[in-house]
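Hello,

Here is the structure for you to take over. My notes follow below it.

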Amino acid sequence: MRASLLQIGVDPAESVKSRRARVASLVREQTGSDLVVLPELWPVGAFASDLFATEAEPLTGPTHDAMAAAARDAGVWLHAGSVIERSDDGTLYNTALVFSPDGRLAATYRKIHRFGFDQGEAVLLGAGDRAVTVGLPGTTVGLATCYDLRFPELFRQLTAAGAELLVVPAGWPTRRRAHWSLLARARAVENQCYVLACGTAGTHAGVEQAGHSVVVDPWGEVLAEAGPDEEVLTVDVDPATVARTRADFPVLRDRVLGLDRP
Ligand SMILES: O=C(O)CCC(=O)C(=O)O
């Protein structure tokens, strides 16, 4: 399975509308991939909280429409990163969208752990309450978003639900880059899963983005890592490696705490 992580630049000089069109064209170019992954909140920028209310969209809003068409045209599975979703009751969520190669919305995931402590997303957005997996041909993908990466319980739940690929769109700041790669590797090793973590590049709302999107295999080896700037990171992953790793080194079998055994 070939995966392409599109590490999008989110500088504020580009309007949301033109970024959306540019990203749709980039997705359309990825015809050789099976799975394309975009970062967290790439339309607005994860730290541009002053834009959250004005740029919020319904689940089937302009980003949905543009990404559905791009996935269909490229014939790829598309994890379209996340958007600010305005729900029917007016609550805003940081919601990830996954499309199948026919442009159907195959899954949505509302970010459970909201970042910002007493500001930004943590106070402006509602929290998701459900771990989500989505079936792709021959494998299962578990969904998590950015700050979720710090909470191993969510990843254990996704693994228990059958996830083999953990896909994590993010808008991770440069200041905590050391945590980013460490946590991505830790989630891969402890769950014996692939981790595909796609961040943003550039600077918005005064926050420099780390880039350095990374793909880690179930043994914890880094298969590919981007630099700090906008980049397409393409890598081949073999979901069968997950079962092989778990059979060769069956650590998940020895869990004592928790009810679900993957
Ligand atoms: O956990 C972190 O250090 C960064 C999290 C973050 O930027 C986010 O969730 O948007």
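**What was found**

Phe-47 is buried, because 23 other C-beta atoms lie within 10 Å. (Buried means 20 or more other C-beta atoms within 10 Å of the residue's own, exposed 12 or fewer, partly exposed in between; C-beta atoms are placed from the backbone.) This is a predicted model: local features need pLDDT of at least 70, side-chain atom pairs count only at pLDDT 80 or more, and totals for chains, interfaces and linings use all residues. Residues are numbered from 1 along each chain as its sequence is written.

Phe-47 sits in the loop between strand E2 (35-37) and helix H2 (52-55). Helices (H or I, at least four residues) and strands (E, at least two) are DSSP runs, numbered from the N terminus. Leaving aside residues up to four places away in sequence, Phe-47 touches Gly-120, Gly-171, His-204, Ala-205 and Val-207. Contact means C-beta atoms, placed from the backbone, within 7 Å.

Next, the sheet. 6 strands form an open sheet with mixed pairing, in the order E5-E4-E3-E2-E1-E14. Its edge strands are E5 (105-110) and E14 (231-236), each pairing on one side only. Two strands pair if DSSP finds at least two bridges between them. E2 runs parallel to E3 (residues 77-86), joined by 3 bridges. Leu-35 has Trp-77 in E3 as its bridge partner.

Elsewhere, E12 (residues 214-216) and E13 (residues 222-225) run antiparallel, also with 3 bridges. Val-214 stands opposite Glu-225 in E13. This hairpin has 5 residues between the strands, and Gly-220 takes a positive phi near 95 degrees.

Best wishes

Technical notes:
Two residues are in contact if their C-beta atoms, placed from the backbone, lie within 7 Å.
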